[in-house]
Amino acid sequence: MAPSATVEDGPAVAKTTEKEMIVSPNRAISHGDELPGIPTFPTFVEARRHTLIHMAATFRFFARQGFLEGQSGHISVRDPEFPGCIWMNSLGRHFGMMTAGDMVLLDIQTGRFVAGSGNPAVAGRTSNAAGYLIHRAVHRARPNDVHAVCHAHTISGRAWAAFGRPLDMLTQDVCTFYGKHAVYAQYGGIVFAEEEGERIAAALQPAHRGAILLNHGLISVGETVDEAGFLFGLLDRSCKIQLQVEAAAANGLKKQVVSDEEASYNERMGADAHVLYREAQPDLEFEIEAAGGEDAVAKGFEQLVLNVE
């Protein structure tokens, strides 16, 4: 069965200003010295270490925000050296305790574990079965622009998802999702079969940054785990704002929606991958500092042995 998706698209396109043509979005947002965007590294090991530290910090941010429901929720990140493999969290490990060494590496095609020790509560390695099916499908559908995927069952996300409606452009911030988010309106139960994961992935095509999953939760994607994590938080907060606005509107207050032209302009200026990476850094830097520094969050990284065939 084909997926049922509602997409928040607008017909108007804002004109490109002279300033937009001269400077990058990251430059435009910086008064004075420009803040750096996505970093590069001389070796795959250094890139992997940075990625897994920031992945663990993103989980810790999720924990602080209450994006928890038992063992539900997962993040995946494509390995910088082996793009056919994705790092995921081990099943049952609390988000607030995550370190780089808690991650497991899975072959996208086969699901085979190729690195990681996983949750110390078990002798072997485990990942979320439904999570693997969802993340595998998204990574396979978007191999060139999606390198990280976040999914969780948040309170506001699930509440708004019950309506099966896209978000209105109620704030400047949510315009990052203007024309770039969908509603997957075909709830198919807990994902224990490939087809449901593939339908969720199809709803994210061709270039959506997130989706609202009917009766389920939220999903976001990005070029980096930093971007995907920030977008997930923005999507959840936007659901909360929408619920509050709808409640006020039901009592007679008129809501004002950002125009298509302004929403399109905001989307283009605020949705650059380097800008979204940078947007995540204050929260991730806080989580790393609160955990005791980068080495504390990197715990277990040195013991990770990759067995990629």
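Two strands are taken to pair if DSSP finds at least two bridges between them. Helices (H or I, at least four residues) and strands (E, at least two) are DSSP runs, numbered from the N terminus. The structure is a predicted model, in which local features need pLDDT of at least 70, side-chain atom pairs count only at pLDDT 80 or more, and totals for chains, interfaces and linings use all residues. Residues are numbered from 1 along each chain as its sequence is written, and side-chain values use heavy atoms, with hydrogens and water left out.

Strand S4 spans residues 103-107. Strand S3 (residues 85-89) runs antiparallel to S4, and five bridges join the two. Within this pairing, Ile86 has Leu106 of S4 as its bridge partner. S4 also pairs with strand S5 (residues 113-115), again in the antiparallel sense, over two bridges. Here Leu105 is bridged to Ala115 of S5. S4 and S5 form a hairpin, with five residues between them. In the turn, Gly111 has a positive phi of about 80 degrees.

In a regular strand, side chains alternate between the two faces of the sheet. Met103, Leu105 and Asp107 point one way from S4, whereas Val104 and Leu106 point the other way. Five of the five S4 residues are buried, so the strand is largely enclosed by the rest of the structure. Buried denotes under 20% relative accessible area, exposed over 50%, and partly exposed in between (1.4 Å probe, protein chains only).

Thr58 lies in helix H3 (residues 44-65). Thr58 is buried, at a relative accessible area of 2%. Its contacts (heavy atoms within 4.5 Å) are Ile75, Val225, Gly229 and Leu284, not counting residues up to four places away in sequence.
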